Amino acid sequence: MTNPLDHVDQLCAFLAATDIGLLELKGPAGVLRLRHDGARVEVEMIEAATAALSSSPTQIIRAPVPGLYLDRHPLRSQPSVAVGDEVAAGTPLAFLQIGPLLLPVPAPEDGMVVETFAEHGATVGYGAPLIGLQPHGSDAE
């Protein structure tokens with residue numbers, strides 16, 4: 001059996017050639033997270049003990065359709081949410097603009113915003129990670 005860490009360079013090259021923003025591999029040693037921002041690939045290794053505490057309760061809110069990611073309504077100057085904000089189910093976390101259509105991306109449940117993945121104004125594909133939400137009532141609280 002080979003160690004996946006021996007192939008990180010190959011994985012980075014693969015990811016850099018795609019429009020995939022996040023690749024996460026989980027194993028007994030932990031989580032290997034590769035983030036591609038369009039220019040470079042960032043590698044993060046999270047050990048198993050830390051991953052068990054931090055990764056399982058976070059829900060990744062993904063783009064339901066391809067579009068232009070907006071972290072705020074076009075008539076607002078501030079982002080809809082920021083890391084650390086508490087949100088209720090149904091609260092618009094962001095918007096996707098598809099031509100003249102503006103589609104809200106609602107929080108699926110009550111929780112706290114723990115991470116943002118997309119940049120305001122970036123084009124995102126179907127399933128692209130947008131926002132990390134730690135639901136209330138998860139084991140991490």
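Reply: Happy to; below, each label is set against its definition.
This is a predicted model, in which local features need pLDDT of at least 70 and side-chain atom pairs count only at pLDDT 80 or more, while totals for chains, interfaces and linings use all residues. Residues are numbered from 1 along each chain as its sequence is written, and side-chain values use heavy atoms, with hydrogens and water left out.

Me: Thanks! What makes up the order of elements in the protein chain?
Reply: From the N terminus, the order is α-β-β-β-α-β-β-β-β-β-β-β-β, with two helices and 11 strands.

Me: Why is A107 called buried?
Reply: Buried means under 20% relative accessible area, exposed means over 50%, and partly exposed is in between (1.4 Å probe, protein chains only). A107 has 4% relative accessibility, so A107 counts as buried. This residue sits in the loop between strand 8 (101–106) and strand 9. Of the 141 residues of the protein chain, 30% count as buried.

Me: And why does H136 count as partly exposed?
Reply: H136 has 38% relative accessibility, and therefore counts as partly exposed. You will find H136 in the segment after strand 11. H136 and P57 are 79 residues apart in sequence, yet 9.2 Å apart in space, C-alpha to C-alpha.

Me: How do you know that V81 is buried, and what does V81 touch?
Reply: The relative accessibility of V81 is 10%, so V81 is buried. V81 belongs to the loop between strand 5 (67–70) and strand 6 (86–87). Contact means heavy atoms within 4.5 Å; leaving aside neighbours within four places in sequence, V81 meets V87, P92, L93, V113 and I131.

Me: What makes a set of residues a nonpolar core?
Reply: Such a core is a set of buried Ala, Val, Leu, Ile, Met, Phe, Trp, Tyr and Cys residues joined through side-chain atoms within 4.5 Å. The largest one has 17 residues, and Y69, V87, L93, V113, V124, L130 and I131 have the most contacts inside it. Strand 7 (92–98) and strand 11 (129–135) are the elements that give two or more residues to this core. Apart from this core lies another, of five residues, including C12, L15, L32 and L34. In soluble globular proteins, nonpolar side chains tend to be buried together.

Me: Why is the largest pocket said to lie between two domains?
Reply: Domain 1 (5–45) and domain 2 (57–133) both give residues to its lining, so the largest pocket lies between them. The domain bounds come from an automatic or database domain assignment.

Me: What makes the space a pocket, and which residues lie nearest its centre?
Reply: On a 1 Å grid over the protein atoms alone, a pocket is an open set of points with protein on both sides within 12 Å along at least five of seven lines, whereas a cavity is a set where a 1.4 Å probe fits but cannot get out; lining residues have an atom within 4 Å of a point. The largest pocket has 25 lining residues, with G21, H36, D37, F117 and A118 nearest its centre. Strand 2 (30–36), strand 9 (111–116) and strand 10 (123–124) each give two or more residues to that lining.

Definitions and conventions: Helices (H or I, at least four residues) and strands (E, at least two) are DSSP runs, numbered from the N terminus.
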